[in-house]
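Reader: I would like to learn how to read a model like this one, feature by feature. Please give me the general idea each time, then the case at hand.

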Amino acid sequence: MALSDLRDTLALERTRLANERTLLAYVRTALSLLAGGAVLFQFFSTHPPYVIVAWLLMASGGAVLLLGLLRFLRVRAHLNAGTRER
């Protein structure tokens, strides 16, 4: 294996790991939003404005999770397609 091939392989692996870290950041953000919504439901369920905000937080958490997962899968497919071309 030539030095340039090794560099390319290591760069690709670093990019894959960065993609996984990005997914975990999306998951962490989504869980925080979902937890915030759950806390509002738990403590302020009798106050309609807080319930609306709680629903918005829960919906945002689901959207962030879905967005992160879709982005992760798209980047992973792009990276895997690039390795098959060689």
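Author: Start with secondary structure. Helices (H or I, at least four residues) and strands (E, at least two) are DSSP runs, numbered from the N terminus. In this case the protein chain has two helices and zero strands. The radius of gyration, taken over C-alpha atoms, is compared with a globule rule of 2.2 Å times the number of residues to the power 0.38. The protein chain has a radius of gyration of 19 Å, well over the 12 Å that the rule gives for 86 residues, so it is more spread out than a compact globule. Its C-alpha atoms fill a box of roughly 65 × 20 × 10 Å along the principal axes.

Reader: What should I know about the source before going on?

Author: This is a predicted model, where local features need pLDDT of at least 70, side-chain atom pairs count only at pLDDT 80 or more, and totals for chains, interfaces and linings use all residues. Residues are numbered from 1 along each chain as its sequence is written, and side-chain values use heavy atoms, with hydrogens and water left out.

Reader: How many of the 86 residues, in percent, count as buried?

Author: First the cut-offs. Buried means under 20% relative accessible area, exposed means over 50%, and partly exposed is in between (1.4 Å probe, protein chains only). Of the 86 residues of the protein chain, 13% count as buried. For areas, the Shrake-Rupley method is used with a 1.4 Å probe, and for residues only the protein chains shown count as cover. The accessible surface of the protein chain comes to about 6,500 Å². Carbon and sulfur atoms hold 67% of that.

Reader: Which residues is Asn 19 in contact with, leaving aside its neighbours within four places in sequence?

Author: Contact means heavy atoms within 4.5 Å. Asn 19 is found in helix α1. Asn 19 is buried, at 11% relative accessible area. With those neighbours left aside, Asn 19 touches Phe 72, Val 75 and Arg 76. Val 75 lies in helix α2 and is partly exposed, at 25%. Now the whole chain. Take contacts between residues at least 6 apart in sequence: 64% join residues at least 24 apart.

Reader: How many aromatic pairs does a search of the whole structure find?

Author: Rings of Phe, Tyr and Trp (its six-membered ring) pair if their centres lie within 6.5 Å; planes under 30 degrees apart count as stacked, over 60 as edge-to-face and the rest as tilted. The search finds two aromatic pairs. Phe 41 and Trp 55 are edge-to-face, 5.1 Å centre to centre with 80° between the planes. Phe 41 lies in helix α1 and Trp 55 in helix α2 (residues 48-84), so this pair ties together parts that are 14 residues apart in sequence. Phe 44 and Tyr 50 are stacked, 4.5 Å centre to centre with 25° between the planes.

Reader: Which residues make the nonpolar surface patch?

Author: Patches are made of residues with over 30% relative accessible area and no salt bridge: like charges are joined within 9 Å, nonpolar side chains (Val, Leu, Ile, Met, Phe, Trp, Tyr) within 5 Å. Val 39, Phe 43, Phe 44 and Tyr 50 make a patch of about 400 Å². Val 39 is found in helix α1 (residues 3-43) and is partly exposed at 43%. Phe 44 is partly exposed at 32%, and Tyr 50 is partly exposed at 38%.

Reader: Which residue forms a salt bridge with Glu 13?

Author: A salt bridge is a side-chain nitrogen of Lys or Arg within 4 Å of a carboxyl oxygen of Asp or Glu. By this rule the count comes to one. Glu 13 pairs with Arg 16, the closest N and O atoms being 3.9 Å apart. The two are three residues apart in helix α1, about one helical turn. Glu 13 is partly exposed at 37%, and Arg 16 is partly exposed at 24%.
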